[in-house]
Amino acid sequence: MSEHQAPHLVVLTGAGISAESGLKTFRDGDGLWENHRVEDVATPEAFNRDPESVLRFYDERRAQTRQASPNAAHHALAELERAGFRVSVITQNIDDLHERAGSRDVLHLHGEILMARSSADPSLRYPVGRQGIRMGELCDKGSQLRPDVVWFGEPVPRYAQACDVVAEADFVLVVGTSLAVMPAAMLLDQAPMEAPCLLVDPQAEALAPRGVRAISQPASQGVPPLIEHWRHAGALWMPDWA
């Protein structure tokens, strides 16, 4: 167990958990996100070429996010934290469903869609209101605001912090992700050798790397019984059914 008294569960979540709440996210398979080419909406070049279209796309995604609700998997993870466990969520998702379910320690690897940031200084971040982000809306340094989202071709500024979190895990739970997107795919390498790792995903049997146990179920079905098992046991054990 880590230096913290409470058992420390580190949860890595991906598109699968948000998809169960009705949010469509980019998948490598077809290169499309909500019927848009990723190159047209999720790259710095796209923003430089047609910023108004990119801002409009993210305004639409932001509206969808606000309409979506956390599902059973989000709520179960928050419940484990309320039960006294230390739960750190590292998510590839840009929505706020973990926070709305009640999770307090959430690190967004790829940014947050409900935040804007400066085009010139990524450290200048601002909440986005209902009106979205408009052309001519500037940061404190006078640069155009853009979505606080890590686009393809950009560095992942929170990756080092995520590595530090995983290095303190007593147990690593991966939910709804293929672990194929870099650099998030390398996070498991940072876990302590003695920390068990479990993947919950409909394709878990096929996706699980060596040494990772698999539960081939959607997040909303596979995560709640697992959390209930840990709550009653008071410890992070590998379940018998994994």
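Me: At what distance does a polar contact join the side chains of histidine 8 and arginine 86?
Reply: This is a predicted model, in which local features need pLDDT of at least 70, side-chain atom pairs count only at pLDDT 80 or more, and totals for chains, interfaces and linings use all residues. Side-chain values use heavy atoms, with hydrogens and water left out, and residues are numbered from 1 along each chain as its sequence is written. A polar contact is a pair of N or O atoms within 3.5 Å (within protein, one must be able to donate a hydrogen and the other to accept it, and residues adjacent in sequence count only if both atoms are side-chain atoms). For the side chains of histidine 8 and arginine 86, the distance is 3.1 Å.

Me: Is histidine 8 buried or exposed?
Reply: Histidine 8 lies in strand S1; strands (E, at least two residues) and helices (H or I, at least four) are DSSP runs numbered from the N terminus. Buried means under 20% relative accessible area, exposed over 50%, and partly exposed in between (1.4 Å probe, protein chains only). Because its relative accessibility is 0%, histidine 8 counts as buried.

Me: What is the relative accessible area of alanine 169?
Reply: Alanine 169 is placed in the loop between H7 and S9. Beyond its neighbours within four places in sequence, alanine 169 is in contact (heavy atoms within 4.5 Å) with His8, Val10, Pro192 and Ala195. Alanine 169 is buried, its relative accessible area being 5%.

Me: Which residue's side chain makes a polar contact of 2.9 Å with the side chain of tryptophan 151?
Reply: Tryptophan 151 sits in the loop between strand S8 (145-149) and helix H7 (159-166), and is buried at a relative accessible area of 3%. The side-chain partner at 2.9 Å is tyrosine 58.

Me: Which side chain is joined to that of aspartate 121 by a polar contact of 2.8 Å?
Reply: Aspartate 121 lies in the loop between strand S6 (111-118) and strand S7 (125-127), and is buried, with a relative accessible area of 17%. The partner at 2.8 Å is lysine 141.

Me: Which backbone nitrogen does a side-chain oxygen of asparagine 71 reach at the start of H5?
Reply: Helix H5 comprises residues 72-82, and its buried residues include His74, Leu77 and Glu81. Elements that cover the buried residues of H5 include strand S4 (86-91) and helix H9 (219-233). After H5 comes glycine 84, with a positive phi near 110°. At the start of the helix, the oxygen of asparagine 71 comes within 2.9 Å of the backbone nitrogen of alanine 73.

Me: How are H5 and H9 oriented to each other?
Reply: Their axes, lines fitted to C-alpha atoms over the stretch in contact, have angles that run from 0 to 180 degrees between N-to-C directions. H5 and H9 pack at about 15°, with axes 8 Å apart. Angles under 35 degrees count as roughly parallel, over 145 as roughly antiparallel, 65 to 115 as roughly perpendicular and the rest as oblique. The two helices are therefore roughly parallel.

Me: Which residues of H9 meet H5?
Reply: On the H5 side, the residues involved are Ala72, Ala73, Ala76, Leu77, Glu79 and Leu80. In H9 they meet Ala219, Ser220, Val223, Pro224, Ile227, Trp230 and Arg231.
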